[in-house]
Structures are given as C-alpha cells and as structure tokens.
Amino acid sequence: MKAQISISVKDTIPTCLGANFKIATTTNAGTGATFSWQGPNGYTSSEKDATITNLIDKGMGVYTVTVSITGQSATATTLVKSNAIEVAVIGGFTNVCVGENLRLRDVIIRNANEQPLSYAWTGPDSYTSTASATNIPTTEDLRQVGTYTLTETYENGCIVIASLVPTVNKCLSIGNLVWNDTNNDGLNNNTEVGLGNVAVRLYKAKIEGGSPTNNVDGVAIQTTTTNATTGKYLFANLVPGFYIVEVEAPTDYKSSVGVNGSPTGIYEPSISANDDINNDDDGTTVSGQTVRTNYIELSNYTEPQNDGDSTNGTAADKNSNLTIDFGLHKSECPAIPKCVPFIAKKI
Ligand SMILES: [Ca+2]
Ligand SMILES: [Ca+2]
Ligand SMILES: [Ca+2]
Ligand SMILES: [Ca+2]
C-alpha cells in the first residue's frame, strides 16, 4: 500500500513585521506535488513555502496550505502571530513650558521579554543618549526643539526607528491694570476706572551674585500701551525668571502713595510687586513720570489664581500673573499752569 502524503508547517513567530516572512513546510509528497496557500486579507500562493511581504499590512491569522499529488491531498494550518515589537511610538512629556524637561520615551507597552536590548537617541543641539527616555531641560533660546529619533535594537536583531518633534512653549504672562486712583489710597476701589494709552515696558531684572535686584537689565524686552478704554495691558510669551514692569505716567499723574497730600506713604515706595496681591499699586516713581515695580518672579504653574483670568484654575491661569497693577493719582498741583507749592512761613 502506498503511504499517505503528509505536510506540516514549522511553527514560527515572526518578530520584525516590516520584513518579509516565510512559512516553511515539510512534506513527503515528491516531485510533481502542487501547493495551495490561503491566508488573511486574500493571501494566496502556489509555492511550497509561503512568503508574506510586509506582514504588518497583510495581517496575522490562520494560514492554510494544501499539498496535492495523484489524487491525494493533505492540509496543514498555522497561526501566524507576532510579538509586535516592530512599532515604536514616542510619547511622554512632548509639549512643555520653557524650564520644564523634555521626557521622551517609547510608549508602546511590551512584555518583559520583549524589551529592546538597547536604545539610541539623536536630536537637536547635538543630543545623543543611550537611555530609554530623554530628560532634557529646556531653555529660552529653544535650542532643544527639533527632530528626536529613537533607534531600538532587539535581541532578534530587529531594529525599530521612531521620530518626534516636541513642542516647547513660553507659557508665562504678566498684567494687567493701570488705573486712575482718584482717592490715592493705592487700591483699585470699585468706582475707579482704567487709564488708557499709557506706555508700559517690560524688563528683565538685573541679577547680581545669583540674586535678583530691583534694577533693570538692559533695554525693555517688550513694550505696549494700555487698552484705550479698560487701562489693561498684558505681556505674554515669557519664560521663568525675574522681571520689572514700568509705566510712563501721563502728565499730571503721579504714582499712588496711599496718603493724600504726602509724597510718600504706604504705597510709595510701593509694597512688594511680588506678593500676588491683585488691584493694589505696585509702582514707585524712579524719575520724572517713570514709575516702576520691584522685581517680580515668574515660574511655571505657580502664578496666582483668582486674579481675573478668564480661564480660572486652568494651567493658563497658573501661568499668568495679573496682579501687577499701577495706581496713578492726578496731582492736585497741575504742571501747567505751574503751581507754587504752599510753604508755611514762620511769623
Ligand atoms: Ca483707590
Ligand atoms: Ca493667573
Ligand atoms: Ca490686576
Ligand atoms: Ca499687585
């Protein structure tokens, strides 16, 4: 009696899905045997061994092969699956504020025995690393922004590459009010309104011996004018650091002092601008009509809330300090016509 033909399929788990994958058969059918393969996504073949190109697109599943010769046939099946380690996706802290660290990593979850053997990162500013995740401080010049590429090498020789361009934002802002402090008490009382079209300038505070001072560092980094009707101003796109805000008081206006009729008082020189108190006078006259704050520290996600941001309690609110306000008091002694201060004479 003639022996029945048989066929078997070697059980193989492909691991590089992007590569070609071969399913090899073993059969005792001799010369003249024909083969017929069927598989997922309409896969067919008449070869002895099935070759599947780019398995990631063709899909995994059951592949069936039938061998036939002189009225006999035999069938074998195999389930083609993969450890699916061929895909890497970079995630983590990919959208940060200047001053925060970029922490990029492959976010695909894998079994312990499917981890890469090694990692190799390249990125802007000559960045290289062999750690599994980056930990890169970001700076104001944004030199860390660009394409990061991760190459993972696996035990089976598979190499996987992924890339990402992270986003680094200048998240902080300072504002927001210059007002007519009619009662000169250094506080924005309910009936007092904003002063429009006032020039406002923003400076970096000078750092000496590693500490901020109340002196400006160089020229203004941003300038604006207060809104014509509301008296409000805003400086945005700022990074963590120390700042000073300056206004040019309109003619006849002086920085609020808090004590009527006196050149000095509880708000002249001003109480600290860095105290997160809203709607109080933060300005001190430095010369002529120029009025300045002391230094103000800005840091990510620590700025005051309930300070008038429209987005109360959000990250944007935590990054915006709207408590830097200037009370300007109209002098009782107008510049034109010139008024002569009253001097008490001893009689
Ligand atoms: Ca007032
Ligand atoms: Ca705020
Ligand atoms: Ca305010
Ligand atoms: Ca204030």
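Is D282 buried or exposed, and what is its relative accessible area? D282 is buried, at 0%; buried means under 20% relative accessible area, exposed over 50% and partly exposed in between, with a 1.4 Å probe and protein chains only.

A word on the model before the views. This is a predicted model, in which local features need pLDDT of at least 70 and side-chain atom pairs count only at pLDDT 80 or more, while totals for chains, interfaces and linings use all residues. Residues are numbered from 1 along each chain as its sequence is written, chains are lettered from A and ligands numbered from 1 in the order in which they are written, and side-chain values use heavy atoms, with hydrogens and water left out.

**View 1. The calcium ion (ligand 4) and its protein donors.** Here I277 (O), D280 (OD), D282 (OD), D282 (OD) and T323 (O) lie 2.3 to 2.8 Å from the ion. Donors are N, O and S atoms within 2.8 Å of the metal (3.2 Å for Na, K and Ca), and sites may look incomplete because water is not among the atoms. Along the chain the spacing reads I-x2-D-x1-D-x40-T. D280 is buried, at 3% relative accessibility.

**View 2. The calcium ion (ligand 3) and its protein donors.** N176 (OD1), N278 (OD1), L322 (O), D325 (OD) and D325 (OD) sit 2.2 to 2.6 Å from this ion. N278 belongs to the loop between β23 (253-255) and β24 (284-287) and L322 to strand β27 (residues 320-330), so the pair ties together parts that are 44 residues apart in sequence. Strands are DSSP runs (E, at least two residues), numbered from the N terminus. L322 is buried, with 7% relative accessible area, whereas N278 is partly exposed at 26%.

**View 3. The calcium ion (ligand 1) and its coordinating residues.** At 2.1 to 2.5 Å you will find D181 (OD), N183 (OD1), D185 (OD), L187 (O), N189 (OD1), E192 (OE) and E192 (OE). Their spacing along the chain is D-x1-N-x1-D-x1-L-x1-N-x2-E. L187 is partly exposed, with a relative accessible area of 36%.

**View 4. An open sheet of four strands in the order β13-β12-β15-β16.** The pairing is antiparallel; two strands pair if DSSP finds at least two bridges between them. β13 (127-129) and β16 (159-164) are the edge strands, each pairing on one side only. Six bridges join β15 (residues 148-153) to β16. Look for Y148, whose bridge partner in β16 is L164.
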